[in-house]
Amino acid sequence: MTDIATRGTRVVATTGGRSRHNGGGPRAGTIAAFLIPFFLPFVLFYLVPIAYAIGQSFLVVRRTGGQYGTSYTTFGGFDQYVQVFQNTEFWSSIGRIGLFGIVQVPVMLFVALIMALLLDTPLLKLKAFFRIAAFMPYAVPGVIAAIMWSFLYSPQLSPVVDLLKAIGLQPDFLGPGAVLWSAANVSTWLWTGYNMLIMFSALQAIPQELYEAAKLDGASNWAIAWKIKVPIIAPSIILTTVFSIIGTLQLYAEPAVLRQISSNISSTFTPNMLAYAVASGNNYQQAAAISVVIAVITFVLSFGFMRLTSKRAGL
Amino acid sequence: MSNTATRIRIAGAVVAAAASIAGLAACSSPAPSGDAAAAAPAAACEPAKGNVTLQYWNTVPGMDQVVALWNKNNPNIQVEMKNISNDQYGTIGNALKAGKAPELAQVGYDELPDLRTQNAFVDASACADATAAKSKFVPWTWSQTSFGDTGVFAFPQDTGPMALYVRSDIFKKHDLEIPKTWDEYAADAQKLHDADPNLSITFFDPNNAEWFNGLLWQNNAEMYGYAGDKWHVTVESDQSKQVAEYWQKLIDAKLVRTDLAHGSTPMYAAYQKNQIATYVGAAWGYSMFRDNLPDQAGKWTIVPMPTWGSSAASGDWGGSTVAFMKGNTHLYESVKFNSWLNTDPEALALENKLGGLYPAATAGSALPALAEGVPYYNNEKIFDVFADSSKNIDTSFTWGPTQKTVNLALQDALAKATAGDGKLADALTAAQAAALKSMQDQAIPAVAGN
Amino acid sequence: MSNQTAMRESRVSRTAVMALMFLLAIYFLLPIYFLIVAATKPQGDLASTFGLAFSHFDLFKNLGTLFSRSDGIFGRWALNSVIYAVLGAAVGTLISALCGYALAKFKFRGREFLFSVILGGVLVPTTALALPLFLLFSATGIVNTYLAVFLPSIVSPFGVYLARIFTAAAVPEEILESARLDGAGEFRTFFSVALKLLTPSLVTIFLFQFVGIWNNFFLPMVMLQKESLFPITLGLYEWNGQTARVSLLQESVITGALVSIVPVIIVFILLQRFWRTGLASGSIK
């Protein structure tokens with residue numbers, strides 16, 4: 001290490017702090033060569049589709065030629081957006097997702113936080129086992145997890161239902177009131193471990209000295225946890241919250257799978273399901289408008305949340 | 001290059017690129033010029049010079065064996081098959097949008113107008129064999145596939161004339177006559193349930209618009225008509241409301257199960273456990289019980305559907321056609337295969353045996369398999385019942401040009417009603433609104449009422 | 001606080017904490033255990049025997065049925081998932097690393113602007129893009145091909161974000177300086193010097209992207225109609241929708257689900273020392 005350091009200083013000394021290129025870094029062409037392999041696909045497959053969808057969302061369909069005449073598209077202004085906002089199904093799906101998110105996200109992150117904190121204390125034995133157990137669901141694709149849980153919700157196949165019936169309960173996981181929470185449970189199962197791991201890694205990075213001072217003052221483990229650890233890892237909590245908000249708004253796979261076995265999930269249960277149903281009905285312009293609205297709402301909520309909390313977290 | 005200047009330049013470039021793409025995308029397709037008002041001319045029908053491979057998409061069990069039979073005997077016209085049972089219309093729709101539709105695809109009668117509105121078909125009437133096929137099919141089926149004889153867009157494959165499947169042993173045990181009218185059916189429902197609270201007369205699956213539409217069809221509840229350049233939408237009508245209110249009464253009195261999905265394992269389990277006494281079904285359903293409930297052989301009988309009053313009307317549930325899809329450049333060969341597939345006695349017999357299809361071809365009723373008694377059903381000649389049912393199907397019943405969307409809206413609303421949120425009749429209102437709105441979205445002229 | 005009270009309290013806390021974590025562990029492992037048990041049963045036993053207890057051991061028979069069904073389409077799906085996820089994540093990691101490295105180590109005008117664009121991209125999930133991508137791809141005719149799923153999958157703004165912070169943390173400026181002094185070009189420096197230092201971080205990025213692509217459902221569902229192109233997620237979803245018509249399919253869905261989660265679990269266990277260090281060194285702020 002020292003060698004390199006002295007070498008470096010020697011160079012600075014001889015060349016007087018100036019080098020061949022712009023501020024000592026590589027040429028513009030080289031920089032571009034590093035950036036383009038990512039940015040070209042990024043533009044093509046992130047930005048262009050968004051622009052294309054926005055473009056399509058300003059079109060409406062017109063028709064000439066009688067009963068089975070040909071259709072064509074023409075500029076329609078904000079027509080499609082007006083229709084989205086007048087669509088009661090759209091607002092129902094947003095409301096459902098909102099309810100889902102307001103309950104599921106805090107519950108899941110709270111459990112994740114508790115687990116992370118517990119894993120960070122000497123109170124717990126078998127830490128590796130619990131860490132792996134919690135993280136296993138992350139290895140399961142959402143669709144597969146939903147299929148697995150759909151078996152656990154099914155009155156015919158589920159051992160859970162059997163056990164609950166044995167103690168006299170009549171569980172109906174697929175009923176109209178319960179099915180939203182059954183879907184929420186799948187999301188929670190899938191992502192708690194992942195979120196816990198993010199928080200846990202942040203906890204691991206905290207230097208032990210911070211605790212020494214507190215312990216000398218006689219602080220209990222719980223006080224240390226809430227007053228020291230949580231505020232320090234606040235950025236990771238915010239990160240997981242933002243990702244969870246984003247994920248909730250995109251919900252598709254879990255309700256779609258449960259829809260295969262429960263008639264209480266409509267084809268427009270979540271905003272994405274609505275967009276897909278509309279696209280399947282060949283109304284691509286309306287589907288584009290719905291997609292744009294979902295994307296904007298996602299962006300506003302996640303960005304807004306980050307802004308709101310960034311001051312407090314010192315980001 | 002100054003900091004701010006470069007940043008502005010880069011930002012400007014990005015915005016300009018995005019705007020131009022958005023602008024290009026917003027470039028509407030030009031309105032078709034005057035002549036488009038005339039129907040597109042039928043495509044040419046030339047035999048191909050060399051060998052031809054056709055793509056045929058369908059959902060029929062065992063169809064691969066039928067196709068194999070054709071392929072064996074027709075080396076010059078090979079057919080590749082694909083099963084699209086999961087999301088049949090999503091698959092077809094996406095393929096059409098991508099310009100990669102197969103030559104032939106299975107399309108239900110109720111989806112023909114919808115797909116025609118999407119320009120999904122090719123008119124094969126330039127092929128002599130195509131127009132000559134008219135006489136080979138049951139009239140109402142040809143009427144629907146030719147859109148009232150305006151072209152040849154598909155060949156009918158099978159139909160689903162409806163009838164009532166009855167567990168005669170259960171009815172005998174409870175000393176009940178098999179019902180002939182819906183009133184009798186409701187009365188029997190009450191008696192069965194009173195005698196045994198675990199017994200229901202049938203189940204009501206809200207996620208089965210096709211079945212429900214068949215019931216509406218039976219009551220002459222015509223939903224769509226085309227007159228004076230406009231579609232007339234009458235999904236909500238007295239006849240359809242009568243059907244909805246009838247089933248609502250049965251549901252309210254808890255005489256029918258609402259928790260079972262048609263064709264699902266729980267459904268079969270319920271029948272297996274003798275919890276359900278009848279099945280309101282179509283001809284193609286006969287193999288369902290035969291294959292899934294083998295130990296109930298001899299206990300089932302098939303009788304005509306209960307009727308409204310004294311009319312002998314019946315309804316059709318399902319059945320499909322094999323359509324000539326857009327982009328088909330091998331019409332000559334397609335017509336040959338399609339014709340064989342749906343009129344050749346050997347093919348029809350195989351489709352009936354493996355897929356449970358009840359042929360739409362008039363030759364179908366002469367099939368030896370259909371003239372025999374069926375062992376599972378006490379050796380009864382069940383197909384005679386279906387043949388009779390076929391004769392009583394209203395031939396003027398029309399499907400709508402956005403049937404897929406309407407079916408979906410109907411199902412969502414029926415499901416809500418069975419869950420206790422609203423009534424079945426509300427689903428008709430919802431479907432009516434969905435029909436009008438979806439047609440408006442597609443710029444299809446439509447009005448409510450006759 | 002006396003020693004005895006402290007010990008008693010801590011024993012009570014310890015038991016309470018262990019009990020809680022055990023309950024949570026059961027919650028997380030239950031569906032997987034159920035899957036394992038169910039995959040060993042013949043179709044008939046699924047509904048008639050208790051779900052958490054083994055009955056007949058038919059696992060190998062079920063596996064045989066699974067892989068031979070429909071001319072071995074499941075094996076095809078598995079191969080597709082591997083292609084999409086391994087190749088996609090590999091390419092994605094490379095381009096993310098190149099980009100993140102440049103953003104961390106090169107000073108140039110517009111750097112922060114580009115980084116904000118990337119952060120914006122992190123906030124837009126792939127599901128939101130799937131339908132717009134479908135509209136675009138179908139207009140250009142590449143729907144229903146491998147590329148339709150592969151190309152969008154390699155773009156991972158989050159990967160670039162991770163690469164930037166990992167590079168800033170793990171690659172000291174001095175090493176780069178000395179390499180430059182030795183006359184190495186930027187690319188040689190990157191590949192021979194920086195990559196070695198970044199390996200645990202790269203594995204982390206690879207794993208995140210791998211899991212993301214392996215789990216991706218909405219994009220393939222929207223893009224693909226040809227069964228032979230499906231990843232496992234889409235294939236099993238399709239089968240699951242058909243179990244009403246073909247009831248024997250249910251056992252294959254269950255066995256297939258088990259098979260689909262095994263590779264990822266193995267990959268994680270094999271590479272765990274990498275991603276644990278990777279995450280720690282990044283210490284996601």
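A salt bridge is a side-chain nitrogen of Lys or Arg within 4 Å of a carboxyl oxygen of Asp or Glu. The model is predicted: local features need pLDDT of at least 70, side-chain atom pairs count only at pLDDT 80 or more, and totals for chains, interfaces and linings use all residues. Residues are numbered from 1 along each chain as its sequence is written, chains are lettered from A and ligands numbered from 1 in the order in which they are written, and side-chain values use heavy atoms, with hydrogens and water left out.

The two domains of chain B come from an automatic or database domain assignment. Domain 1 covers 41-159 + 317-373, and domain 2 covers 161-316 + 396-448. Their C-alpha centres lie 28 Å apart. In contact (heavy atoms within 4.5 Å) are 19 residues of domain 1 of chain B and 28 residues of domain 2 of chain B. The size of an interface is often given as the accessible area lost when the parts come together. Buried area is that loss, found with a 1.4 Å probe and summed over both parts. Domain 1 of chain B and domain 2 of chain B bury about 1,900 Å² between them, with 56% of it on carbon and sulfur atoms. On the side of domain 1 of chain B, B:Asp110, B:Asp114 and B:Trp317 lose the most area to domain 2 of chain B, together 45% of what that side buries.

Polar contacts do cross this interface. A polar contact is a pair of N or O atoms within 3.5 Å; within protein, one must be able to donate a hydrogen and the other to accept it, and residues adjacent in sequence count only if both atoms are side-chain atoms. Seven residue pairs, both at pLDDT 80 or more, are in polar contact between domain 1 of chain B and domain 2 of chain B. Helices (H or I, at least four residues) and strands (E, at least two) are DSSP runs, numbered from the N terminus. Helix H4 (112-117), helix H6 (139-145), strand E5 (158-159) and helix H14 (345-355) of chain B each supply at least two residues of the domain 1 side. The largest share, three residues, comes from H4(B). By class, that side has six nonpolar, eight polar and five charged residues. Here Ala, Val, Leu, Ile, Met, Phe, Trp, Tyr, Cys and Pro count as nonpolar, Asp, Glu, Lys and Arg as charged, and the others, Gly among them, as polar.

Chain A and chain C share an interface. Here, 91 residues of chain A are in contact with 98 residues of chain C. The two chains bury about 8,700 Å² between them, 82% of it on carbon and sulfur atoms. In chain A, A:Phe34, A:Phe45 and A:Tyr46 lose the most area to chain C, together 9% of what that side buries. Zero salt bridges are counted between chain A and chain C. Five residue pairs (both at pLDDT 80 or more) are in polar contact across the interface. Helix H2 (residues 28-56) of chain A gives the most to the chain A side, with 18 residues. That side divides into 71 nonpolar, 15 polar and five charged residues.

Chain A is itself assigned domain 1 (29-77) and domain 2 (78-312). Their centres, taken over C-alpha atoms, are separated by 31 Å. The two domains of chain A bury about 800 Å² between them, 61% of it on carbon and sulfur atoms.

Chain C is divided into domain 1 (3-60) and domain 2 (63-282). The two domains of chain C bury about 950 Å² between them, 70% of it on carbon and sulfur atoms. C:Leu35, C:Ala39 and C:Gln43 supply 51% of the area that domain 1 of chain C buries against domain 2 of chain C, more than any other three residues.
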